[in-house]
Amino acid sequence: MAMQPLYNEFPLFLKRYFPYKVQKISLNAGFTCPNRDGSKGHGGCTYCNNQTFNPDYCRTEKPVARQLEEGKEFFARKYPAMKYLAYFQAYTNTYGELETLKRKYEEALSVDGVVGLVIGTRPDCMPDDLLRYLETINKQTFLLVEYGIESTCDETLRRINRGHTFRATADVVERTAACGILTGGHVILGLPGETHESIVAQAAVLSRLPLTTLKMHQLQLIRGTRMALEYEQHPGDFHLFGVEEYIDLVIDYIEHLRPDLVLERFVSQSPKELLIAPDWGLKNYEFNHRVQKRMKELDAYQGKKYDM
């Protein structure tokens with residue numbers, strides 16, 4: 001009998017689209033965010049310090065093509081035959097004039113070896129004209145649009161100053177998927193006010209959306225953020241997971257997810273100099289290995305507790 005896979009892994013998902021190895025290259029295309037410049041709010045989301053996800057090669061003053069070339073050099077040493085996905089990651093990558101956005105996306109696609117785009121953005125930043133443009137791009141190349149969902153609970157979204165509701169998320173995920181575009185989501189597990197039970201309950205809500213991929217990671221407190229200050233003033237409002245406890249949460253969450261959702265990651269690692277807590281000292285692959293080992297012990301697998 002074939003072994004039941006524990007969960008749907010992202011590399012296997014990419015294999016359906018590409019017969020060769022592909023690697024995402026993170027870009028900082030110089031965008032801001034409507035939750036910072038005053039159009040939606042000021043100060044951004046309470047947990048956000050964007051330095052946490054900018055590798056050295058990705059500095060705003062460099063053109064997109066240059067960042068990609070440097071990213072390629074970084075990875076090509078290990079895998080000379082590799083191809084690349086341009087990952088517009090920092091801030092809100094659909095927030096700008098349509099012509100500016102087109103120029104940046106097309107500049108990325110013109111770089112040798114780039115075989116697709118991954119665009120990270122907010123649920124409230126996908127105007128119809130941009131979605132129509134992405135629909136045409138999607139017919140020519142691989143495209144994944146990834147929305148920062150963060151939580152399905154409006155009270156949490158207000159508390160972290162997201163500036164949008166979960167209804168806005170559900171709506172944009174449906175609009176994007178209806179255009180035939182692969183649609184991803186990103187959630188943070190352990191935001192203030194959320195419990196193990198309420199977090200696991202999210203899994204069913206997300207499973208009803210036409211998402212193809214899902215990324216999750218633990219709440220991390222980052223220096224220089226408003227949340228770090230809140231934590232200093234009211235530590236009792238926060239529950240920071242120990243690693244074993246978080247592994248149990250992730251497994252419970254996975255068991256309640258739709259079986260065909262592709263799970264891209266469970267943890268994130270902020271740079272040590274920015275991270276206040278929790279610091280588990282584990283690499284992502286080490287964490288995944290522990291999740292898989294524990295799932296085998298528990299006979300757990302994705303969708304085991306999923307109700308249609």
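# Exercises on a predicted chain

Valine 262 touches Asn8, Glu9, Phe10, Phe13, Arg16, Thr212, Thr213 and Leu214, leaving aside residues up to four places away in sequence, where contact means heavy atoms within 4.5 Å. The model is predicted, so to speak of local features pLDDT of at least 70 is needed, side-chain atom pairs count only at pLDDT 80 or more, and totals for chains, interfaces and linings use all residues. Residues are numbered from 1 along each chain as its sequence is written, and side-chain values use heavy atoms, with hydrogens and water left out.

**Exercise 1.** Find where valine 262 is placed, and decide whether it is buried or exposed.

*Solution.* Begin with the element: valine 262 is found in strand 8 (residues 262–265), where strands (E, at least two residues) and helices (H or I, at least four) are DSSP runs numbered from the N terminus. Next take the accessibility, for which buried means under 20% relative accessible area, exposed over 50% and partly exposed in between, with a 1.4 Å probe and protein chains only. Valine 262 has a relative accessible area of 1%, and therefore counts as buried. Finally, consider one of its contacts, phenylalanine 10: the two C-alpha atoms are separated by 5.9 Å, although the residues are 252 apart along the chain.

**Exercise 2.** Work out which strands pair with strand 2, and in which sense.

*Solution.* Two strands pair if DSSP finds at least two bridges between them. Strand 1 (residues 22–27) is joined to strand 2 by 6 bridges, and the two run parallel; here glutamine 23 has tyrosine 84 of strand 2 as its bridge partner. Strand 2 also pairs with strand 3 (residues 114–121), again in the parallel sense, over 5 bridges, and tyrosine 84 stands opposite valine 114 there. Strand 2 itself (residues 83–88) is mostly covered, since 5 of its 6 residues are buried.

**Exercise 3.** Describe how helix 2 packs against helix 3.

*Solution.* Start with the geometry: helix 2 (residues 64–76) and helix 3 (residues 98–109) pack at an angle of about 30°, with their axes 8 Å apart. Axes are lines fitted to C-alpha atoms, for helices over the stretch in contact, and angles run from 0 to 180 degrees between N-to-C directions. Then list the residues that meet, which are Val64, Ala65 and Leu68 in helix 2 and Lys104, Glu107 and Ala108 in helix 3.

**Exercise 4.** Identify which residues have the most contacts inside the largest nonpolar core.

*Solution.* A nonpolar core is a set of buried Ala, Val, Leu, Ile, Met, Phe, Trp, Tyr and Cys residues joined through side-chain atoms within 4.5 Å. The largest one has 72 residues, and Phe88, Leu134, Tyr253 and Phe287 have the most contacts inside it. Helix 9 (residues 243–255) gives the most to this core, with 8 residues. A second, separate core of 13 residues includes Phe13, Phe18, Tyr87 and Leu182.
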